[in-house]
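Dear colleague,

I am handing over the structure below, together with some notes on what was found in it. Please read them with the model open beside you.

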Amino acid sequence: MGDMKIGKIAVIGAGNMGHQISLCCALAGLETTCIDVSEEQLQSAASFVKRYLPERVSRGKLSEEEAAEAEKRLRFTASLEQGAREVDFVIEAVTEKLDLKKDLFRRLDQICPPQAVLATNSSFFVSSLLAPETDRPDRVCNMHFFNPALVMKCVEVVKGVHTSAETAATAMALARSLGKKPVLLHKEIYGFLVNRILRRIMDEALYLLDTGVASAEDIDSAVVNALGHPMGPFTLMDLTGIDLSYHAAMERYRKSGDPADKPSPTVVEKYVKGEWGRKKGSGFYTYEK
Ligand code: 3HC
């Protein structure tokens with residue numbers, strides 16, 4: 001795995017991305033700790049695992065033994081000190097707030113063994129914003145998974161100027177060992193590869209909705225049935241979280257100062273109302289709890 005062997009991993013954040021990244025790691029044979037400050041979030045992640053593994057077994061996708069082993073390898077804790085003390089690799093997947101991530105990287109740098117790699121799953125903060133918080137900038141990189149992380153094969157590994165070649169190789173090898181198909185970005189760029197491309201689609205879909213050209217349902221239907229995408233842009237925003245769309249656009253606007261980069265009126269309205277998509281029970285569509 002690069003030159004570095006990864007046996008133990010911590011995933012910070014048990015939310016939308018973190019709980020599935022943790023389970024990917026445990027299924028791939030890594031001793032995994034999923035850490036979150038919220039007991040409620042940890043409970044919800046643990047009950048997902050309790051539902052997901054038996055369902056995979058009943059559908060013949062996993063043996064009972066594989067499921068039991070994965071469950072044994074995955075622990076949940078609210079203690080960063082305990083969960084991250086002995087790990088070889090950390091994937092941070094907490095809320096997209098830069099100060100929170102900076103603080104976490106400072107603490108992780110003190111808690112984790114000096115050789116451990118600290119990767120962020122952020123959708124838009126490049127790791128050079130976090131590396132200076134640590135005494136190991138060469139061991140800091142982006143490792144960006146896609147939602148749902150148990151299913152989507154792509155992982156973007158982004159090498160900042162501070163990231164050593166060995167760290168990038170280790171992150172690529174780790175992703176491959178999880179059964180993913182990682183891609184390497186040789187330099188940092190806002191939105192990486194996929195979200196830059198996706199943004200063009202989302203922005204156009206929101207423009208068509210905001211200007212009353214068509215409904216969210218019909219725009220989604222057109223994208224699925226004309227372009228062959230597995231889901232339309234509004235269904236996808238509900239899956240990834242409208243809060244994320246809002247924060248990503250705000251970050252883009254903060255960087256550029258260009259009003260065209262502000263979140264669309266519909267995204268602002270849904271963000272303010274707390275209609276963040278599936279995780280809240282409503283977004284562009286409504287969902288049963
Ligand atoms: N969690 C875990 N597994 C899930 C899942 C979920 N939420 N939803 C579906 N799956 C699994 C199913 O168990 C099934 O597994 P199997 O093939 O091994 O049996 C497989 O996915 C297919 O599921 P379904 O047949 O129920 O449904 P679909 O065929 O419609 O697939 C989907 C669902 C995989 C979500 C598909 O619609 C899809 O690929 N959608 C696009 C997702 C996408 O674009 N993701 C990227 C978003 S951008 C992003 O994440 C960037 C970040 O920065 C925000």
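Serine 127 sits in the loop that lies between strand 5 and strand 6. Please keep in mind, here and below, that this is a predicted model. With a relative accessible area of 0%, serine 127 falls under the 20% limit and therefore counts as buried. Leaving aside residues up to four places away in sequence, serine 127 touches Thr120, Val140, Cys141, Asn142, His162, Thr163 and Glu188.

The strands form an open sheet of eight, in the order 3-2-1-4-5-6-7-8 and with mixed pairing. Strand 3 (74-77) and strand 8 stand at its edges and have a single partner strand each, so one side of each is left without a neighbour in the sheet. On average, and with direction ignored, neighbouring strands of this sheet are turned by 25° against each other.

Strand 1 and strand 2 (residues 31-35) run parallel and are joined by five bridges. Within this pair, lysine 8 stands opposite glutamate 31 of strand 2, while valine 11 has cysteine 34 of strand 2 as its bridge partner. Strand 2 is mostly covered, since four of its five residues are buried.

Helix 5 (residues 98-111) lies across strand 1, strand 4, strand 5 and strand 6, and runs at about 165° to strand 5.

Helix 6 (residues 165-177) has 13 residues, which at 1.5 Å a residue should span 18 Å, and this agrees with the 18 Å that separate its end C-alpha atoms. The buried residues of helix 6 are Thr167, Ala168, Thr170, Ala171, Met172, Ala173, Leu174 and Ala175. These buried residues pack against several strands, including strand 1 (8-12), strand 4 (89-92) and strand 5 (117-120), and also against strand 6 (140-145), strand 7 (154-158) and strand 8 (181-185). Just after helix 6, glycine 179 takes a positive phi of about 85°.

**The ligand**

Which residues come nearest to the ligand? Of the 18 residues around it, they are Gln20, Arg59, Ser123, His144 and Asn147. For histidine 144, an N or O atom of the side chain is 2.7 Å from an oxygen atom of the ligand. Asparagine 195 has a polar side-chain atom that lies 3.0 Å from an oxygen atom of the ligand, and for lysine 61 a polar side-chain atom lies 3.4 Å from an oxygen atom of the ligand.

**Aspartate 258**

A polar atom of the side chain of aspartate 258 lies 2.9 Å from the backbone nitrogen of alanine 260. Aspartate 258 and asparagine 121 are 137 residues apart along the chain, and their C-alpha atoms are separated by 26 Å.

With kind regards

Notes. Residues numbered from 1 in each chain as written. Predicted model: local features only at pLDDT ≥ 70, side-chain atom pairs only at ≥ 80, totals over all residues. Heavy atoms only, no water. Helix = DSSP H or I, 4+ residues; strand = E, 2+ residues; numbered from the N terminus. Expected span 1.5 Å × (residues − 1). Buried < 20%, exposed > 50% of the residue type's maximum accessible area, 1.4 Å probe, protein only. Contact = heavy atoms within 4.5 Å. Pairing = 2+ DSSP bridges. Axes fitted to C-alpha atoms, helices over the stretch in contact; angles between N-to-C directions. Near = heavy atom within 4 Å. Polar contact = N/O pair within 3.5 Å; in protein donor to acceptor, adjacent residues only side chain to side chain.
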